[in-house]
Amino acid sequence: MIGRLNHVAIAVRDLVSATALYRDTLGAKVSEPLAQPAHGVTVVFIELPNTKIELLEPLGANSPIAKFLERSPDGGMHHICYEVDDILAARDKLKAEGARVLGDGEPKTGAHGKPVLFLHPKDFNGALIELEQV
Ligand code: CO
């Protein structure tokens, strides 16, 4: 059911220094920061030959990654995103298997303008999973 690894997201406190680390120290191609108020984050995309990394910095008072950074002040891996062909079919299959879909269970428009869903980390080995329909 799941396809390619679309991206790995890393929560960071300081997007400027995290971006510089990837651009200057690791020599990666990085995007300009993109504020996404609807998601409570500012994102920098890092393009790798085979996938992407997303650096996520909290934006606004109710950022979903603020709590994560309270627990992990140095930042850390926040979620991994797998591609699926049909997000509703994937959701229904996962729910039938007992997996929990976060929020109201309906796909939202994600950082790339595509429908996304998140799956409960307790059901997936402690890793928050994002599914993105491509
Ligand atoms: Co993501």
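D92 belongs to helix 3, which spans residues 87-96. In this predicted model, D92 is partly exposed, with a relative accessible area of 43%. Along the chain, D92 and G105 are 13 residues apart, and their C-alpha atoms are 9.7 Å apart in space.

L131 is placed in strand 9. With a relative accessibility of 1%, L131 counts as buried. Its contacts, leaving aside neighbours within four places in sequence, are I2, Y82, V84, I87, A90, L94, P115, V116, L117 and L119. The C-alpha atoms of L131 and T25 are separated by 30 Å, and the two residues are 106 residues apart along the chain.

## The cobalt site

Three residues coordinate the cobalt ion: H7 and H79, each through NE2, and E130 through OE.

The side chains of H78 and H79 are joined by a polar contact of 2.9 Å. H78 counts as buried, at 14% relative accessibility. Not counting residues up to four places away in sequence, H78 touches A9, I10, A11, L56, I65, F68 and L128.

The largest pocket has a volume of about 730 Å³. Its lining comprises 30 residues, of which P64, H78, H79, F118 and L128 are the closest to the centre. At least two lining residues are supplied by each of strand 4, strand 5, helix 2 (66-71), strand 6 and strand 8 (115-119).

Helix 1 covers residues 15-25, and its buried residues are L15, A18, T19 and Y22. These four residues cover an arc of only 100° around the axis, which puts them on the same side of helix 1. On the other side of the helix, V16, D24 and T25 are exposed. The buried residues of helix 1 pack against strand 1, strand 2 (29-30), strand 4 (41-47) and strand 5 (52-58).

The N-terminal end of helix 1 is capped by D14, with a side-chain oxygen 3.0 Å from the backbone nitrogen of V16. Just after helix 1, G27 takes a positive phi of about 70°.

R13 lies in the loop between strand 1 and helix 1. Not counting residues up to four places away in sequence, R13 touches E57, L69, E70 and P73. Two of these contacts involve backbone oxygens: the side chain of R13 reaches that of L69 at 3.0 Å, and a polar atom of the R13 side chain lies 3.0 Å from that of P73.

R13 and A90 are 77 residues apart in sequence, with their C-alpha atoms 33 Å apart in space. A90 is one of the residues in contact with L131.

## Backbone geometry at N125

N125 is found in the loop between strand 8 and strand 9 (129-133). Most residues other than glycine have a negative phi. N125 is exposed, with a relative accessible area of 81%.

Notes
Residues are numbered from 1 along each chain as its sequence is written. This is a predicted model: local features need pLDDT of at least 70, side-chain atom pairs count only at pLDDT 80 or more; totals for chains, interfaces and linings use all residues. Side-chain values use heavy atoms; hydrogens and water are left out. Donors are N, O and S atoms within 2.8 Å of the metal (3.2 Å for Na, K and Ca); water is not among the atoms, so sites may look incomplete. Buried means under 20% relative accessible area, exposed over 50%, partly exposed in between (1.4 Å probe, protein chains only). The arc is that of the directions from the helix axis to the C-beta atoms. Contact means heavy atoms within 4.5 Å. A polar contact is a pair of N or O atoms within 3.5 Å; within protein, one must be able to donate a hydrogen and the other to accept it, and residues adjacent in sequence count only if both atoms are side-chain atoms. On a 1 Å grid over the protein atoms alone, a cavity is a set of points where a 1.4 Å probe fits but cannot get out, and a pocket is an open set with protein on both sides within 12 Å along at least five of seven lines; lining residues have an atom within 4 Å of a point. Grid points are joined across faces, edges and corners, and a volume is the space filled by probe spheres set on the points.
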